4 protein chains.
Amino acid sequence: MINTALQKTASMLVAGGDGQLSRVTVRNVCFGGEQVPVIAGPCAIENEECLRETAFKVRAAGAVMLRGGAYKPRTSPYSFQGHGIKGLECLARIGEEMNMPVITELMDAEDLPAVMEHTDIIQVGARNMYNYSLLRKLGKINKAVVLKRGISATIEEWLLAAEYILAGGNREVILCERGIRSAETWTRNTLDLNAVALVKQLSHLPVIVDPSHGTGVRSLVAPMSMAALAAGADGLLIEVHPHPENALSDGEQSLTPKGFSQLMRQLEPLAALLGRRVR
Amino acid sequence: MINTALQKTASMLVAGGDGQLSRVTVRNVCFGGEQVPVIAGPCAIENEECLRETAFKVRAAGAVMLRGGAYKPRTSPYSFQGHGIKGLECLARIGEEMNMPVITELMDAEDLPAVMEHTDIIQVGARNMYNYSLLRKLGKINKAVVLKRGISATIEEWLLAAEYILAGGNREVILCERGIRSAETWTRNTLDLNAVALVKQLSHLPVIVDPSHGTGVRSLVAPMSMAALAAGADGLLIEVHPHPENALSDGEQSLTPKGFSQLMRQLEPLAALLGRRVR
Amino acid sequence: MINTALQKTASMLVAGGDGQLSRVTVRNVCFGGEQVPVIAGPCAIENEECLRETAFKVRAAGAVMLRGGAYKPRTSPYSFQGHGIKGLECLARIGEEMNMPVITELMDAEDLPAVMEHTDIIQVGARNMYNYSLLRKLGKINKAVVLKRGISATIEEWLLAAEYILAGGNREVILCERGIRSAETWTRNTLDLNAVALVKQLSHLPVIVDPSHGTGVRSLVAPMSMAALAAGADGLLIEVHPHPENALSDGEQSLTPKGFSQLMRQLEPLAALLGRRVR
Amino acid sequence: MINTALQKTASMLVAGGDGQLSRVTVRNVCFGGEQVPVIAGPCAIENEECLRETAFKVRAAGAVMLRGGAYKPRTSPYSFQGHGIKGLECLARIGEEMNMPVITELMDAEDLPAVMEHTDIIQVGARNMYNYSLLRKLGKINKAVVLKRGISATIEEWLLAAEYILAGGNREVILCERGIRSAETWTRNTLDLNAVALVKQLSHLPVIVDPSHGTGVRSLVAPMSMAALAAGADGLLIEVHPHPENALSDGEQSLTPKGFSQLMRQLEPLAALLGRRVR
């Protein structure tokens with residue numbers, strides 16, 4: 001199987017791996033090197049106070065980048081869809097205050113100029129991994145992209161989605177494993193760390209892990225963050241909300257700032273053991 | 001399970017079913033009534049001669065609408081991506097010549113004006129079922145939309161994707177089952193006729209079936225077309241290519257015009273038995 | 001894909017198909033020929049009166065074989081596990097009264113002598129499809145076996161499980177598609193009629209369909225029975241219970257005798273159209 | 001989801017977890033405590049020399065238990081099926097020579113006396129997790145059982161399968177995650193470490209991980225072993241073969257003794273960091 005995988009990827013721009021890692025650097029944060037950056041923040045940007053409180057606390061705990069959703073892809077058209085441009089501006093403002101680079105999800109090419117202006121990295125969500133028109137446009141920009149794996153995408157499809165961006169000329173791509181759909185109902189998704197370990201061997205691209213969506217269960221975020229690092233992940237993307245019980249989306253999987261802080265203290269010695277550092 | 005499904009859909013615009021079917025009429029073709037329209041044509045529009053030959057033959061066999069891809073969502077950025085606007089123009093020209101309405105897939109909102117101009121129905125492919133930005137835009141247009149089920153979408157997600165279009169004001173939505181991903185490797189997808197029968201009970205929307213993608217195997221297209229009708233499908237979407245062995249995409253699952261003609265002769269008495277008609 | 005499938009099965013005893021069907025005859029019932037036998041009865045044998053009532057009514061409606069579970073493989077050790085030998089004796093008695101052959105599931109080789117004595121066909125349930133020790137023993141007996149497809153078995157694994165029985169010398173094998181596990185929660189399983197159509201092309205073995213387990217939803221049993229016939233199925237296995245709301249297992253998917261009778265009246269003209277007959 | 005899971009398991013004998021772990025002790029090896037035992041050996045017992053060489057080398061590297069298959073559940077009836085009783089005797093002999101407890105898979109209750117006599121732990125393979133007859137018999141014995149998760153079993157089904165053994169009176173049960181089937185083709189299975197972390201919170205039973213079957217790819221065994229420990233696994237089950245290229249089964253996923261030795265040197269400091277030890 002590894003031979004098939006190596007052959008199939010051989011002629012692709014994503015090919016490489018094991019010692020030939022690319023580094024994607026965004027301000028003072030570097031993916032693909034010794035650092036294992038932890039990105040944290042709420043699923044959705046709800047209001048400025050809430051985001052400021054979260055940012056302040058996750059930064060204190062060791063997060064080096066702030067996440068927050070302004071455009072939310074929701075299964076139902078009647079669910080909260082995000083605050084859009086106001087959310088973006090809020091994210092940018094808090095990022096500046098806290099001196100943290102920020103990342104948000106882009107759902108629509110129309111919003112690209114606003115997202116380019118206000119964020120440091122652009123995230124493509126799982127639902128848009130197969131949106132090749134969007135990927136092609138992201139191949140033409142001069143900003144790093146985090147490409148989440150599709151809900152049931154094969155590893156090959158995921159690498160080829162990255163290839164759409166690379167082929168356009170943008171080499172600043174970070175892959176993000178966020179769980180695949182399975183028949184299991186006690187977790188939201190099945191976090192596939194096999195994919196992380198395999199992609200590290202097939203590709204030079206950094207790979208980060210989202211244990212929040214990958215499990216959907218707050219109490220699993222810490223053990224699976226540890227597992228992700230041990231499997232070779234180059235970073236983590238973690239949902240943190242000061243009051244998860246009131247969160248407008250994904251409260252069930254969000255850590256509290258306190259829980260996040262405890263996790264960071266667990267991750268630090270593990271990173272050290274692996275020859276890496278989380279800050 | 002049916003009770004859960006009924007409760008969850010109750011307040012949605014898609015809700016209804018069993019006797020309260022909506023009809024979506026496109027020129028002389030009606031989905032959701034006595035007619036079970038068969039849409040046929042090549043996966044991709046390759047050249048005018050090939051499309052004309054296919055259109056002529058499928059029309060003679062009983063197809064009432066012509067399909068053809070101008071924008072192709074391909075897993076690899078290096079595969080043939082479709083002829084774009086030239087393909088669209090070609091499709092419109094052949095449709096006019098043959099007096100057949102035409103359908104094509106839209107991948108990018110940028111192409112909406114061109115697709116609006118040249119086609120009678122717009123298809124949203126499986127890869128874009130979760131592309132809520134695109135769905136929202138299609139809620140604002142005055143043209144029927146065929147919404148394919150996502151590669152591993154649940155029935156609920158599929159209905160909610162349709163809801164995005166309906167909620168925008170466009171009530172001309174036709175659902176299309178095209179198979180879901182499973183661990184089976186001897187078929188390309190697992191055609192889920194359970195979903196067809198269930199959606200007919202949950203929703204007033206017409207549901208058609210794509211047995212070409214739903215199986216990925218030419219010899220399975222005929223039996224699964226029969227099964228789809230028997231399960232209650234309101235139409236079929238079938239790939240036909242005059243020379244499948246040379247097709248630029250999906251040749252393995254395309255019927256020849258002769259095979260398509262044989263299938264139509266099988267479908268006609270079945271439709272009659274079910275109180276419907278394919279023409 | 002079909003070529004791969006044909007190559008992989010070529011040297012197997014199951015290989016064949018399309019015109020070279022084997023017939024498995026059990027008393028007056030024949031699988032694999034013109035007849036499309038319908039097997040009906042309750043999931044579990046609960047008591048003699050209930051089974052007699054069911055048998056009487058399904059026979060009147062056109063069922064030609066009686067099913068009933070004496071040994072029930074239940075997910076929980078604390079659920080009703082079947083009445084065992086008493087259930088078997090009851091099934092045999094009612095079968096004789098009604099002059100219907102009977103089928104029941106075997107879970108344990110220890111029960112083989114009792115099941116051999118009291119039933120006409122032996123069913124291997126989905127949970128035991130990979131129980132190669134049991135299959136090997138069934139290869140040595142002189143009685144027909146219905147082999148259900150495993151919960152997530154590939155078609156290849158299913159055919160190879162049949163091969164275990166054939167290789168032992170027992171050629172009386174009937175395959176039964178009963179749905180595969182998917183991420184869908186609105187149906188119990190995803191009935192895979194692709195598999196039925198494909199196996200008919202790959203193998204000479206008769207293939208029947210269980211739409212009760214394949215959907216888990218009463219209102220889907222009729223449309224999926226129709227679809228199964230249209231896809232080429234050689235028989236049906238349907239759960240019928242006089243009082244589904246009180247059934248000790250699987251009530252949600254059981255037809256009432258009245259619903260079963262309606263279904264049979266739908267199936268008869270379809271079978272005739274396909275050149276077959278249900279009685 | 002965690003609440004549903006906690007409620008559903010609450011009344012089960014498997015319920016517990018997080019600080020109330022059961023210990024299963026087999027001679028000098030203890031699962032569920034500080035020790036994280038590593039079980040190693042070939043997939044199948046091929047010949048005495050090969051097994052002796054493997055045992056000697058894995059013991060030297062830190063394995064505390066020897067595995068080897070005498071009865072092999074193979075997809076095809078024509079594949080090598082194991083050496084049976086001769087294999088068992090060989091395993092027992094080498095175990096004694098090396099002073100290592102031994103584990104082997106039981107496929108058929110008929111072989112239980114022989115397996116009881118010759119091994120220290122009995123393994124139930126993924127294919128037999130739903131074989132409730134076998135589980136019930138293992139509930140009556142006085143020997144520890146490793147229960148592998150079924151190929152596509154939910155966590156609930158897996159815990160309930162364990163419940164079958166516990167309910168019979170045998171409390172010496174160790175769970176083993178070995179990967180679930182997914183649509184991914186570049187790995188053999190998708191190792192589900194979510195399940196490991198979740199079961200540790202729901203149950204008092206020790207949980208070990210089989211990264212060899214869980215990945216099917218030799219180069220993934222080491223990173224996924226690390227990940228398993230970090231996720232909380234209480235042990236590992238690893239295939240090692242002195243000449244994987246000639247192995248009669250599963251060579252592609254077997255480590256060489258040298259590779260195993262390197263892995264053990266990686267695992268030791270990780271276990272120490274987690275407050276555990278591999279020896």
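How many residues does helix 10 of chain C have, and how far does it reach from its first C-alpha to its last? Helix 10 of chain C has 17 residues and reaches 25 Å, close to the 24 Å expected at 1.5 Å a residue. Before I go on, please keep in mind that this is a predicted model.

Let me stay with that helix for a moment. Five of its residues to look at are Phe260(C), Leu263(C), Met264(C), Leu267(C) and Leu270(C), and they are buried. An α-helix has 3.6 residues a turn, so residues three or four places apart point the same way. What do the buried residues of helix 10 of chain C pack against? Within chain C, they pack against strand 3 (38-41), helix 2 (48-61), helix 9 and strand 10 (236-239). They also pack against helix 9 (218-231) and helix 10 (257-273) of chain B. Just after helix 10 of chain C comes Gly275(C), which takes a positive phi of about 80 degrees.

That brings us to the contact of chain C with chain B. Here, 40 residues of chain C touch 40 residues of chain B. On the chain C side, at least two residues each come from helix 1 (2-9), helix 6 (155-167), helix 7 (193-202), helix 9 (218-231) and helix 10 (257-273). Helix 9 of chain C supplies the largest share, nine residues. By class, the side of chain C that touches chain B has 23 nonpolar, 13 polar and four charged residues.

How are the two copies related? Chain C can be laid on chain B by a turn of 180 degrees and a shift of 0.0 Å along the axis, with an RMSD of 0.0 Å. That is the relation of a two-fold axis. Which C-alpha of chain C is nearest the axis? That of Ala227(C), 2.1 Å from the axis. The same surface serves both copies, since 100% of the contact residues of chain C recur in chain B.

Now the contact of chain A with chain D. It takes 40 residues from chain A and 40 residues from chain D. Helix 1 (2-9), helix 6 (155-167), helix 7 (193-202), helix 9 (218-231) and helix 10 (257-273) of chain A each give two or more residues to the side that touches chain D. Helix 9 of chain A gives the most, with nine residues. That side of chain A divides into 23 nonpolar, 13 polar and four charged residues.

Next, a pair of helices inside chain A. Helix 2 (residues 48-61) and helix 3 (residues 84-98) of chain A pack at an angle of about 35 degrees, and their axes are 10 Å apart. The crossing of these two helices of chain A is right-handed. From helix 2 of chain A come Glu48(A), Leu51(A), Arg52(A), Ala55(A), Phe56(A) and Arg59(A). They meet Cys90(A), Leu91(A), Ile94(A) and Met98(A) in helix 3 of chain A. The contact residues divide into seven nonpolar, no polar and three charged.

Last, a loop residue. Asn99(A) lies in the loop between helix 3 and strand 5 (102-105) of chain A. Most residues other than glycine have a negative phi. Phi of Asn99(A), however, is positive, near 55 degrees. Is Asn99(A) buried or exposed? Asn99(A) is exposed, because it has 9 other C-beta atoms within 10 Å, and 12 or fewer counts as exposed. In chain D, Asn99(D) is in the loop between helix 3 (84-98) and strand 5 (102-105). Phi of Asn99(D) is near 55 degrees, and Asn99(D) counts as exposed, with 9 C-beta neighbours inside 10 Å.

Conventions. Residues are numbered from 1 along each chain as its sequence is written. Chains are lettered from A and ligands numbered from 1 in the order in which they are written. This is a predicted model: local features need pLDDT of at least 70, side-chain atom pairs count only at pLDDT 80 or more; totals for chains, interfaces and linings use all residues. Axes are lines fitted to C-alpha atoms, for helices over the stretch in contact, and angles run from 0 to 180 degrees between N-to-C directions. Helices (H or I, at least four residues) and strands (E, at least two) are DSSP runs, numbered from the N terminus. A crossing is left-handed if the near helix is turned anticlockwise from the far one by less than a right angle, and right-handed if clockwise. Two residues are in contact if their C-beta atoms, placed from the backbone, lie within 7 Å. Ala, Val, Leu, Ile, Met, Phe, Trp, Tyr, Cys and Pro count as nonpolar, Asp, Glu, Lys and Arg as charged, and the others, Gly among them, as polar. The expected span of a helix is 1.5 Å times one less than its number of residues. A residue is buried if 20 or more other C-beta atoms lie within 10 Å of its own, exposed if 12 or fewer, and partly exposed in between; C-beta atoms are placed from the backbone. Copies are superposed by least squares on the C-alpha atoms of residues with pLDDT of at least 70 in both.
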